[in-house]
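Please look through the sequence and the model below.

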Amino acid sequence: MSEPVPAGPAAFLIRDVNLIDGHDGPGRPGHAVVVDGRRIAWVGPAESAPPFPAHAIVDGAGCSLLPGLINSHVHLSADAGPDFTRQIESDSLPLATLKSAATAAATLRAGVTGVRDCGAADGVVIELAKGIDDGIVPGPRVRAAGRVITMTGGHGHFIGREADGADGVRAATRAELKAGAHFIKAMATGGVLTAGVDPGHIGLVQEELAVAAQEAHNAGRRITVHAIGDQGIKNALRAGVDSIEHGIRLDDEALELAVARGTYLVPTLLAVASIVTAGTGAGMPPWVHEKAQREAERHRESFVAAVRSGLRIAAGTDAGTPFNPHTDLVRELELMVRYGLTAPEVIRAATRNAAENMDVLHDTGTVDVGKLADLVLVEGDPAADIGALARIRLVVKDGRIVHGCARLSEVS
């Protein structure tokens, strides 16, 4: 608990909440948080909170206050339509920019104050991140990979830099870093959404992935890898990547490697599940549904095994892919609970763990004095019912109330 501090003119108090701070401890009922400027200025029991005028108080009775949620895998330029590839390839640069701004705004209203964008063409989302930071458009805190690094003709080539051999991959990685990528995304296997590519087949080989990892780390950036097949996953782990996206065919050897190295898994359970649920005849290319259906059961089994192994997990949905809207992070979290994580573990996966994997834990991901005030207030207790995260009463980003009203009595 911190000592009370004087409040500035832009400060406000959120009181009488069940505080779930993103750390390992239980929720703390009857707590309060002071936001002053962009940051959290005070945290403690409500009865010890500094005095505030009525207009600067948010009454959080019956609600829980958490760090703003983080979606660790999105594609902001994609609109969750039935044909991901066709949409990306056909959208003009201005249209892709407008869609990215619209999905970013919707994401923020859903209580998600941070995202990792895992691939877009033409640097659209790198530039969007600047626009959000400058206050031009509303949106979450964005860390963008820019173009993905993939082999010639490999998965995601339509949002990628195609590169072959260690020298080619080194040049492509450096080019993305020069373009402003906040992290590097590389393709270790095929995928569901690229025609003529099998999800289990190897993409960039271990030597190529190692070069990409080296260049990213040399620049002080992290690297994540799309990896579905077991050999591609192990190639990525041995190459020294920081996280694995999807991990649909994790075997025992891969799990041992990942746990030993402290690698994160971003499971994106919705990515396959949403396609399978939509079914044939929904406007998707038939081969997309066929590939997703083949991977669905393995995806569930792989996640269950990852949970049992103790692998570090950060929540992400692959938002923007078919029938997978940018506002559906809570659906992903509900699947994670259904398949073996506890609700408190899932909350950490979508807050503290996600912030660490996004390399922003120094500023966000937990409710601590001095951190940026990225917060979400929800009705009920998500540690008992993860669905409570969908009952949003207030969203705060960078110390500003961006959704909801300053007083809960004004929120209909």
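**Domain, strands and cavity**

Over residues 65-402 the chain is 41% helix and 17% strand, with the end C-alpha atoms 15 Å apart. Helices (H or I, at least four residues) and strands (E, at least two) are DSSP runs numbered from the N terminus. UniProt lists this range as "domain: Amidohydrolase-related" in an unreviewed entry; such annotations may be inferred rather than shown by experiment. This is a predicted model, in which local features need pLDDT of at least 70 and side-chain atom pairs count only at pLDDT 80 or more, while totals for chains, interfaces and linings use all residues. Residues are numbered from 1 along each chain, and side-chain values use heavy atoms, without hydrogens and water.

Strand S17 (residues 392-397) has 5 of its 6 residues buried, that is, under 20% relative accessible area with a 1.4 Å probe, protein chains only. Strands pair if DSSP finds at least two bridges between them. S17 pairs in the antiparallel sense with S16 (residues 375-379) over 4 bridges, and with S18 (residues 400-403), also antiparallel, over 3 bridges. Val 395 in S17 stands opposite Val 376 and opposite His 403 in S18. The hairpin of S17 and S18 has 2 residues between the strands, and Asp 398 in the turn has a positive phi of about 60°.

A cavity is a set of points on a 1 Å grid where a 1.4 Å probe fits but cannot get out. There are 4 cavities of 30 Å³ or more.

Conventions
Buried means under 20% relative accessible area, exposed over 50%, partly exposed in between (1.4 Å probe, protein chains only). On a 1 Å grid over the protein atoms alone, a cavity is a set of points where a 1.4 Å probe fits but cannot get out, and a pocket is an open set with protein on both sides within 12 Å along at least five of seven lines; lining residues have an atom within 4 Å of a point. Grid points are joined across faces, edges and corners, and a volume is the space filled by probe spheres set on the points.
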